[in-house]
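Have the model open while you read.

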Amino acid sequence: MKILLAAAEGAPYVKIGGLGDVLYGLPKELASRDVEVAVVLPLYKRVQEQWGDALTYVCHFNVPLAWRRVYCGVFQHAQGNVTYYFIDNEYYFARDHVYGNYDDGERFSFFSKAVLEMLSYIDYMPDIIHAHDWQCALIPLFFKAFYQQISAYANLKTMFTIHNIEYQGKAPHSFLEEVLGISQNYLSDISFGGELNFMFSAICLADKVTTVSETYAQELKTAYYGGALSSVLEGISYKFCGITNGIDTQLFNPHTDSNLFHRYDVKIMAGKKIGKRRLRDQLGLIQDEEVPVVAMISRLVPHKGLDLVAHVRHELMERRIQLVVLGTGDSVYEDMFSELAYQYPGRVSANIRYDNELASKIYAAADLFLMPSKSEPCGLSQMIAMAYGALPIVRETGGLKDTVWPIDPNTGTGRGFTFKSYNAHDMLDAVDRALYFFYEKKPAYKKVVRLNMETDFSWKQSAGQYLAIYHSM
């Protein structure tokens, strides 16, 4: 079986969010199961600068895109048994930012068509193209409009995965003929809510549709989470399901993580204490081994539940904790955490930046990990935190609900502390339950930490579910 995964990002070449981790961990696990796997990504400026010398030229051709014939080069690079292809066009991709450009709709329309066009020029014709998120959502439409009639493409199937429904890819109706080069006959396949909607077209036209957790799949069928697309997803229940992401347990492993002050594992935990002590020194926190470190590593944006934290931030700091925050995002939250660090010196550390090395050190030092998301399609941070021995405090939504089971303080069963309603004091109650467990139930706390660290959060189970869908196609 041959699978081509198409996405706008993929580690180790380019990673902006969780999608980058998925396009590293999933193909690697699939390749270990005798699947011939390839990944195709745009050749961004940052990829060219860091990896250019390692890339191998494959071919070039022109991609027809409405009235344009646009240059496209193809390069490749291997990561183990996975081949990564890169779509080269300097006009579209040699820019400082991966996302957020004024013409992102056109850029990723080109990329989606180039993925299909490329197959005629390279020695790789997949059985399935697995497209990810809105940037690749036009692949099923382009396939239907231009390629399914070609004999070499006749047996090709398409699959689409929603990573975050809040980003759908939208454009005016004129975009259909002026940029996509698709006739008005296909308008019903992409028009939704009075405009073109890339994700809508993929949901309707792909042979299978998935999202990144079982609970998120159910949530998306409700208006609160799925918005106007909820009824569309309800209508395709026969081909729609959720598969919870895994994490790369070789990359996120306290026993092998080279970023840590001191490595450790479930059998010898002394390195976690050493790392906590060293991190406190680095961040200017008070050295008090009895006080738990509560960590937040997150994009600082509203759907991460930060308005809950803002509402009770001073009540939170009345507890006997130290708070460590890492991330960037909206200025209102960046300023809030910076001000909190100023107000509580030695007890709060606000690190307003993106820093993978510091993230590893924080995971390793944390005792509790706060993730109060309003919505969370899957989430990786809670699984990484558990792998590093921090108990998560989460809201029961999306993948958080699927991976963090509430702890019963009497029996010690479960994985973390949860709350249901989107309410600041319900979140604070979950924090209080976690602190009671940490301070008053220390043997049970250590047992849960150990069991979480021994849990397999790898891609094995998830890849098996994807394989089952691929075979069914």
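## Ground rules

This is a predicted model, so local features need pLDDT of at least 70 and side-chain atom pairs count only at pLDDT 80 or more, while totals for chains, interfaces and linings use all residues. Residues are numbered from 1 along each chain as its sequence is written, and side-chain values use heavy atoms, with hydrogens and water left out.

## Helix 12 against helix 16

Start with helix 12 (residues 270-283) and helix 16 (residues 356-365), which pack at about 125° with axes 8 Å apart. Helices (H or I, at least four residues) and strands (E, at least two) are DSSP runs, numbered from the N terminus. Axes are lines fitted to C-alpha atoms, for helices over the stretch in contact, with angles running from 0 to 180 degrees between N-to-C directions. That angle makes helix 12 oblique to helix 16; under 35 degrees would be roughly parallel, over 145 roughly antiparallel, 65 to 115 roughly perpendicular, and the rest is oblique.

On the helix 12 side, Lys272, Gly275, Lys276, Leu279, Gln282 and Leu283 meet Leu358, Lys361, Ile362, Tyr363, Ala364 and Ala365 of helix 16, contact meaning heavy atoms within 4.5 Å. By class, the contact has seven nonpolar, two polar and three charged residues. Here Ala, Val, Leu, Ile, Met, Phe, Trp, Tyr, Cys and Pro count as nonpolar, Asp, Glu, Lys and Arg as charged, and the others, Gly among them, as polar.

Rolling a probe the size of a water molecule over the atoms shows where empty space is left. On a 1 Å grid over the protein atoms alone, a cavity is a set of points where a 1.4 Å probe fits but cannot get out; a pocket is an open set with protein on both sides within 12 Å along at least five of seven lines, and lining residues have an atom within 4 Å of a point. Grid points are joined across faces, edges and corners, and a volume is the space filled by probe spheres set on the points. A search of the whole structure turns up one cavity of 30 Å³ or more, and the largest cavity holds about 40 Å³. Its lining includes Lys272, Gly275, Lys361 and Ala364, with helix 12 and helix 16 each supplying at least two residues.

The second largest pocket has a volume of about 540 Å³. Of its 19 lining residues, Lys273, Lys276, Asp367, Tyr445 and Lys446 lie nearest its centre. Helix 12 gives the largest share of that lining, six residues, and helix 20 (442-454) supplies at least two. The lining divides into six nonpolar, two polar and 11 charged residues.

## Helix 5 and its partners

Helix 5 (residues 139-147) and helix 8 (residues 198-205) have axes that come within 7 Å and cross at roughly 65°. Pro140, Leu141 and Lys144 of helix 5 touch Ser201, Ala202 and Leu205 of helix 8.

With helix 4 (residues 104-118), the axis of helix 5 comes within 9 Å, crossing at roughly 55°. That makes helix 4 oblique to helix 5.

## Two loop residues

A cis peptide bond joins Ala11 and Pro12, with omega about 5°; Pro12 sits in the loop between strand 1 (2-6) and helix 1 (18-31). Asp34 has phi near 65°, a positive value in a residue other than glycine, and is found in the loop between helix 1 and strand 2 (36-42).
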